[in-house]
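Trainee: I would like a close look at one part of this model. Please take me through it step by step.

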Amino acid sequence: MELEGGIVRAIGHTPLIRLSRLFKDQSFDVYGKMEWMNPGGSAKDRPALFMLREAIRRGDVTSESVIVESSSGNLAISLAQLCRYLGLRFICVVDPRTTQQHLQIIRSFHGEIDLVSVPDEATGEFLPARIRRVVELVSQIPKAYWTNQYGSPDNALAHSETTMREIGEQLGAVDYLFCGVSSCGTIRGCMEYIRSRGWSTQIVAVDAEGSVIFGGQKGSRKFPGLGAGITPGLHRQDVADKVIYVSDRECVDGCRALVREEAVLAGASSGGVISAIQRMSGIIPAGAVVAAILPDRGERYLNTVYNDEWVGREIGYVPSN
């Protein structure tokens with residue numbers, strides 16, 4: 001069994017576009033890495049491919065395997081697509097924050113949904129409860145295999161071998177890299193690529209208010225895919241030079257600014273990345289080259305980020321655009 005050809009060939013090599021309108025008043029240049037142009041619609045296509053391909057190479061995954069993973073949505077879509085291509089059964093453990101659009105896409109690829117509706121009693125977070133459910137499923141289902149995005153080195157390797165390499169090949173040693181964090185696979189892989197080459201790039205981790213990844217105060221978060229309720233195994237304290245916490249409102253505002261100025265319809269974490277750059281704009285030097293990883297598509301957030309009624313009800317303000 002090989003994970004090659006077909007839809008697999010479309011993963012990666014996403015374009016970098018200069019966000020010249022959104023940052024027209026700044027003396028530095030910002031380039032957005034359009035990860036939502038991967039076939040599965042997000043940056044998670046890359047680790048899904050690497051984790052499955054390496055598991056197949058090791059013999060951990062065969063034609064009889066059942067793939068199991070915990071995900072807030074995007075990785076589940078990526079794995080569902082690749083498992084459908086391979087003809088493998090896929091079960092995804094999700095929680096109530098996963099959007100209906102994400103769930104519909106997973107099911108369209110014949111992925112199975114296992115919903116954890118009660119958070120972990122000790123922490124009040126869904127992620128530990130989801131992971132516990134994954135462990136249960138793996139123990140109960142013959143030939144089940146957990147890809148484990150939170151601890152697999154192949155998650156980070158995907159981004160050091162492809163995402164950051166692609167940015168470097170097009171832009172050289174960028175001055176700043178802005179990257180949203182959740183499993184920490186993207187930022188860990190990008191950091192390892194940058195540090196291995198001795199670049200002086202300032203790595204900025206964009207985390208959600210309420211996330212505990214970098215020791216922040218735990219709180220509620222409206223959007224999946226940015227932040228986490230526990231510190232993931234791929235996290236390292238030196239993975240970033242600076243951490244910026246963004247609010248749910250800043251995620252919405254950043255997304256809508258991308259649409260208004262660049263006609264880019266991106267997901268919530270992309271909006272957080274844009275807002276983080278705007279917040280730091282006063283200290284980014286003239287002539288600097290800034291790379292921003294924009295992780296996923298906005299269609300999955302039409303009922304949340306781009307819905308005025310939902311924003312007013314859940315976040316408490318009416319967007320101006």
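Trainee: Which residues are linked in a network of salt bridges?

Mentor: This is a predicted model, so read every value as computed from it. The network links K33, E35, R46 and E166. Start with one pair inside it. E35 and R46 form a salt bridge, with 2.6 Å between the closest N and O atoms. E35 sits in the loop between β2 (29-34) and α1, while R46 belongs to helix α1, so the pair ties together parts 11 residues apart in sequence. Are these two buried or exposed? Both E35 and R46 are buried.

The structure holds 25 salt bridges. E64 pairs with K143, and their closest N and O atoms are 2.1 Å apart. E64 lies in the loop between α1 and β3 (66-70), and K143 lies in the loop between α4 and β6 (144-146), so this bridge ties together parts that are 79 residues apart in sequence. R133 and E136 form another salt bridge, at 3.1 Å between the closest N and O atoms. Those two are 3 residues apart in helix α4, which puts about one helical turn between them. R133 is partly exposed, because its relative accessibility is 23%. E136 also counts as partly exposed, at 34%.

Helix α1 (45-58), which carries R46, supplies at least two residues of the lining of the second largest pocket, and so does α5 (153-171). That pocket has a volume of about 230 Å³. Its lining counts 15 residues, with I11, G12, H13, L49 and T162 closest to the centre. The largest share, 5 residues, comes from α5. By class, the lining splits into 4 nonpolar, 3 polar and 8 charged residues. Domain 1 (6-39 + 152-312) and domain 2 (44-146) both contribute to this lining, so the pocket lies between them.

The largest pocket has a volume of about 630 Å³. It is lined by 45 residues, and S72, S182, G225, L226 and G227 lie nearest its centre. Each of α2 (74-86), α4 (126-140), β7 (176-180) and α6 (185-196) supplies at least two lining residues.

Conventions
Residues numbered from 1 in each chain as written. Predicted model: local features only at pLDDT ≥ 70, side-chain atom pairs only at ≥ 80, totals over all residues. Heavy atoms only, no water. 1 Å grid on protein atoms, 1.4 Å probe; cavity = no way out; pocket = protein on both sides within 12 Å on 5 of 7 lines; lining within 4 Å. Points joined across faces, edges and corners; volume = space filled by probe spheres on them. Helix = DSSP H or I, 4+ residues; strand = E, 2+ residues; numbered from the N terminus. Nonpolar A, V, L, I, M, F, W, Y, C, P; charged D, E, K, R; others polar. Domains from an automatic or database assignment. Salt bridge = Lys/Arg side-chain N within 4 Å of Asp/Glu carboxyl O. Buried < 20%, exposed > 50% of the residue type's maximum accessible area, 1.4 Å probe, protein only.
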